[in-house]
Amino acid sequence: MSAESDDTPIPQRLTAIREAWEANRQGVDVDALAASVAQLEAEMQDPAFWDDPASAQKVSAEHARTAKRLERFRSLEADVADLEGLAELAAEDDGILAELQGQLSSMEVRLVELEEERLFSGAYDGGDALVTVNAGAGGTDAQDWAEMVLRMEMRWAEARGFKVELLEASDGDEAGIKSATFRAVGENAYGLFGAEKGVHRLVRLSPFDSANRRQTSFAGVEVAPVIEDTGDIEINDDDLRVDTYRSSGAGGQHVNKTDSAVRITHLPTNTVVQCQNERSQQANRLTAMKMLVSKLVERREREREEEITKEKGGVQDVNFGSQIRSYVLHPYTMVKDHRTNYEIGDASRVLDGDLDGFVRAELLREAERRAAADVSEG
């Protein structure tokens with residue numbers, strides 16, 4: 001469901017909340033969640049728990065996420081159960097009406113969050129994300145557009161409550177950026193940003209053209225999960241080319257302008273990562289290696305999905321080469337997603353980071369696609 005306006009009649013809002021609750025609670029195994037919390041708590045009480053700090057931190061983080069989800073579900077369950085009585089009291093006492101409306105608004109938002117949770121089925125969806133924006137075709141206009149996309153994605157991340165850390169940014173020749181990478185830290189960051197993967201297309205009157213002609217520019221968004229453990233990803237030193245350079249990233253204060261910036265190229269896959277926000281070359285290299293592992297994991301998962309699709313005789317639906325969304329600023333203003341047909345006329349609002357509608361529509365489309373694929377397999 002989507003959060004309703006306060007102008008919607010209360011009976012309709014009550015009905016929508018009940019229906020959304022019934023639809024979404026089916027996908028939550030409360031007993032399994034509670035058992036998971038209990039098991040994690042038992043591990044944390046082991047006297048040797050902190051002997052391995054890295055493992056302990058992972059268990060603690062998993063416990064916090066699972067306990068939060070369980071508490072969120074139980075709280076919502078209790079509030080839905082209390083709704084009927086609160087509505088009856090509000091019908092007899094205007095003083096309680098404001099309380100009821102506030103409760104309804106809160107529950108609508110929380111139900112949207114609960115519905116979002118069932119849309120994340122990937123192994124890495126619940127974790128952090130590495131988001132890279134690259135300027136595409138279009139010269140200076142494209143580099144300026146890439147910086148606009150970077151700002152939009154970072155503002156959206158911050159609005160979602162994520163911690164945002166800019167890891168590297170390469171200045172454009174005259175304006176904007178050639179590329180930039182930031183890390184979004186928060187629950188379901190990778191699952192959410194997955195909806196932003198692909199090519200973003202801008203149509204506008206060029207501010208860099210003396211004739212003020214209309215220009216079409218492109219920027220690509222790549223998203224990888226943050227992987228702390230290399231797992232079964234093996235990287236040979238002979239496969240790496242490591243370059244150091246003086247950073248000159250856009251935004252000035254956001255990155256360190258020193259000679260410690262590091263660029264690592266994985267030669268077999270031509271995967272390039274770079275980091276310049278740490279204070280030493282060694283720290284930048286360590287961060288860059290983690291970024292490389294994350295991108296190689298994402299590449300492997302993408303290739304696996306493409307192979308499965310190929311074996312089924314289908315056509316790959318969305319990948320980095322797809323144009324997912326158009327932003328038109330002239331001769332009219334509109335932002336339209338080509339995967340879902342979701343659109344907004346207020347382009348400035350979208351460019352300021354209002355992406356919830358687009359992301360939600362794509363997550364729902366992808367969930368329906370997966371469900372349809374599961375049915376066909378069955």
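Student: Before we start, what are the ground rules for a predicted model?
Tutor: Local features need pLDDT of at least 70 and side-chain atom pairs count only at pLDDT 80 or more, while totals for chains, interfaces and linings use all residues. Residues are numbered from 1 along each chain as its sequence is written, and side-chain values use heavy atoms, with hydrogens and water left out.

Student: OK, which order do the strands take in the open sheet of 3?
Tutor: The order is β6-β7-β8 with antiparallel pairing, where strands are DSSP runs of E of at least two residues, helices are runs of H or I of at least four, both numbered from the N terminus, and two strands pair if DSSP finds at least two bridges between them.

Student: And which are the edge strands?
Tutor: They are β6 (240-245) and β8 (271-275), each of which pairs on one side only.

Student: How many bridges join β6 and β7?
Tutor: β6 and β7 (residues 261-266) pair over 6 bridges in the antiparallel sense, and Arg 241 stands opposite Thr 265 in β7.

Student: Switching topic, which residues have the most contacts inside the largest nonpolar core?
Tutor: They are Phe 182, Phe 193, Tyr 327 and Val 350, in a core of 41 residues; a nonpolar core is a set of buried Ala, Val, Leu, Ile, Met, Phe, Trp, Tyr and Cys residues joined through side-chain atoms within 4.5 Å. Elements giving two or more residues to this core include β1 (129-135), α5 (139-159) and α9 (356-377), and the largest share, 8 residues, comes from α5.

Student: What about cavities, how many of 30 Å³ or more are there?
Tutor: The count is 1, taking a cavity as a set of points on a 1 Å grid over the protein atoms alone where a 1.4 Å probe fits but cannot get out, with lining residues having an atom within 4 Å of a point.

Student: Which residues line the largest cavity?
Tutor: Arg 69, Arg 72, Phe 73, Arg 110, Glu 113, Leu 114 and Glu 117 line it, and the largest share of that lining, 4 residues, comes from α4.

Student: Last one: is His 63 buried or exposed?
Tutor: His 63, which lies in helix α3, is buried because its relative accessible area is 15%, where buried means under 20%, exposed over 50% and partly exposed in between, with a 1.4 Å probe and protein chains only.

Student: What is His 63 in contact with?
Tutor: Leaving aside neighbours within four places in sequence, His 63 is in contact with Val 37, Leu 40, Glu 41 and Met 44, contact meaning heavy atoms within 4.5 Å.

Definitions and conventions
1 Å grid on protein atoms, 1.4 Å probe; cavity = no way out; pocket = protein on both sides within 12 Å on 5 of 7 lines; lining within 4 Å. Points joined across faces, edges and corners; volume = space filled by probe spheres on them.
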